[in-house]
Amino acid sequence: MARSRTSKFDASEAITNELIRIIERGVLPWRKPWTAGGSARPLRHNSEPYQGVNNFLLTMRTVVAGYTSPFWMTVPQANTLGAKIRKGERSSVVVYYGQSRTRSDDEQGTNDGDTAEARVFRFQKSYRVFNADQIEGLPEAFHPDPAPTPEHATDQAIPHMQSFFDAIDITTVFAGDEARYSPPVDKVFMPGISRFKNPLNFYGVWAHELAHATKAPHRLNRDYGLSRFGNTAYSREEIVAELTSCFLGQELGFTAHTLELNASYLYHWLRVLRSDKTAIFKHAADAQKACDYLIARSEAGRAGATDQAA
């Protein structure tokens, strides 16, 4: 009798299908204001924040499941802390990237004239984690108290957010009711803050448009091909801008936001995810780069302003 084969688990496919199912419900859960135990980002068991796609995935899962703890860990990590997973709880898949190096012919002692050079290649592996809310017996530190929700006056700038964006050396013009980045003039165009019911949405939109500006050749040089409204290249760039706004919002205290119609925006996500199971990983990596770039430019701008004042 022939043995039945167990198909190999495909983390990219499983994660992409999970994301598609959630978006098909008509929501983008990471846009909901949230903190878990006072943290705006998912944390490893050692309090290190997750980055890139894992940050995005665990943020989404925290919101969808309603977890109150920001901490995530593997079964061995929980066991080391004297805790155990509650019966019936389901794990969440996350990924990590590593790199390996092949040995050259010289290193293997097999050089016969046609030398094969050593090559470095990257690989992706997956592992499973549980939220602290799914685990019994953890120290109280893994269930921190929630942070108070800050109140912001309508139509008024939020000082720490405003100073962050003002320091970025990308020109923003405040005029009209449209939000966009214009590559020919390398400028972001934004409605004024008074046009937003919630000032947090103003900063979410501004972050989105600045994310688009990072694609310029003299910045991060991000290119998915000829972009026209609604095509795949356009949709890919929209996902990067959305995720950049999400990541930057975790740093500053707002959520991702755009002025686009929701149904149209969901379509951008679904068309890309359905056609490419690796897309969310690529675009989350690009979004992390864009987020890091904007943070670095803001820090440089504020440092320069301090030097001039001194």
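**Entry 1: the first helix**

I am working on a predicted model throughout.

Next I checked the length of H1. The helix runs over residues 11–24 and has 14 residues, so at 1.5 Å a residue it should span 20 Å. I got 20 Å between its end C-alpha atoms, which agrees.

Then I listed what is covered. In H1 the buried residues are Ala11, Ser12, Ile15, Thr16, Glu18, Leu19, Ile20, Ile22 and Ile23. Just past the helix, I noted Gly26 with a positive phi of about 95°.

**Entry 2: Arg61**

The side chain of Arg61 makes a polar contact with the side chain of Glu18, at 2.8 Å. Arg61 belongs to helix H2, residues 52–65.

Is Arg61 buried or exposed? I find a relative accessible area of 8%, so Arg61 is buried; the cut-off for buried is under 20%.

**Entry 3: the loop at Asp133**

Tyr67 turned up again when I looked at Asp133. Beyond four places in sequence, Asp133 is in contact with Tyr67, Thr68, Ser69, Arg86 and His143. Asp133 sits in the loop between strand S4 (120–131) and strand S5 (135–136).

I took one distance from here. Asp133 and Lys197 are 64 residues apart along the chain, and their C-alpha atoms are separated by 34 Å.

**Entry 4: the cores**

I asked which residues have the most contacts inside the largest nonpolar core. They are Phe165, Leu248 and Trp269, in a core of 59 residues. Helix H9, residues 279–309, supplies the largest share of this core, with nine residues. A second core is separate and has 10 residues, among them Leu43, Ala132, Leu138 and Phe142.

For background, nonpolar side chains tend to be buried together in soluble globular proteins.

I then opened up Trp269. Leaving out residues up to four places away in sequence, Trp269 touches Leu19, Ile23, Trp30, Phe56, Ile239, Glu242, Leu243 and Ile280. Two of these names, Leu19 and Ile23, were already on my buried list for H1.

At its start, a side-chain oxygen of Asn231 comes within 3.4 Å of the backbone nitrogen of Ala233. H7 has 21 residues and reaches 30 Å from first C-alpha to last, close to the 30 Å expected. How many residues of H7 are buried? I count 19 of its 21, and the helix is mostly covered. Just after H7, Gly253 takes a positive phi of about 110°.

Further on is Leu259, in the loop between helix H7 (232–252) and helix H8 (262–275). Leu259 has 47% relative accessibility, so I log it as partly exposed. Apart from residues up to four places away in sequence, Leu259 touches Asp177, Ala179, Pro191, Phe196 and Val205. Its C-alpha is 20 Å from that of Val272, 13 residues apart along the chain.

**Entry 5: the whole chain**

I closed with the totals. The protein chain has nine helices and eight strands. Its C-alpha atoms fill a box of roughly 70 × 60 × 50 Å along the principal axes. Of its 310 residues, 45% count as buried. The accessible surface comes to about 16,800 Å², and 49% of that belongs to carbon and sulfur atoms. Among contacts with a separation of 6 or more, residues 24 or more positions apart account for 72%.

Technical notes
Residues are numbered from 1 along each chain as its sequence is written. This is a predicted model: local features need pLDDT of at least 70, side-chain atom pairs count only at pLDDT 80 or more; totals for chains, interfaces and linings use all residues. Side-chain values use heavy atoms; hydrogens and water are left out. A nonpolar core is a set of buried Ala, Val, Leu, Ile, Met, Phe, Trp, Tyr and Cys residues joined through side-chain atoms within 4.5 Å. Buried means under 20% relative accessible area, exposed over 50%, partly exposed in between (1.4 Å probe, protein chains only). Helices (H or I, at least four residues) and strands (E, at least two) are DSSP runs, numbered from the N terminus. Contact means heavy atoms within 4.5 Å. The expected span of a helix is 1.5 Å times one less than its number of residues. A polar contact is a pair of N or O atoms within 3.5 Å; within protein, one must be able to donate a hydrogen and the other to accept it, and residues adjacent in sequence count only if both atoms are side-chain atoms. Accessible areas come from the Shrake-Rupley method with a 1.4 Å probe; for residues, only the protein chains shown count as cover.
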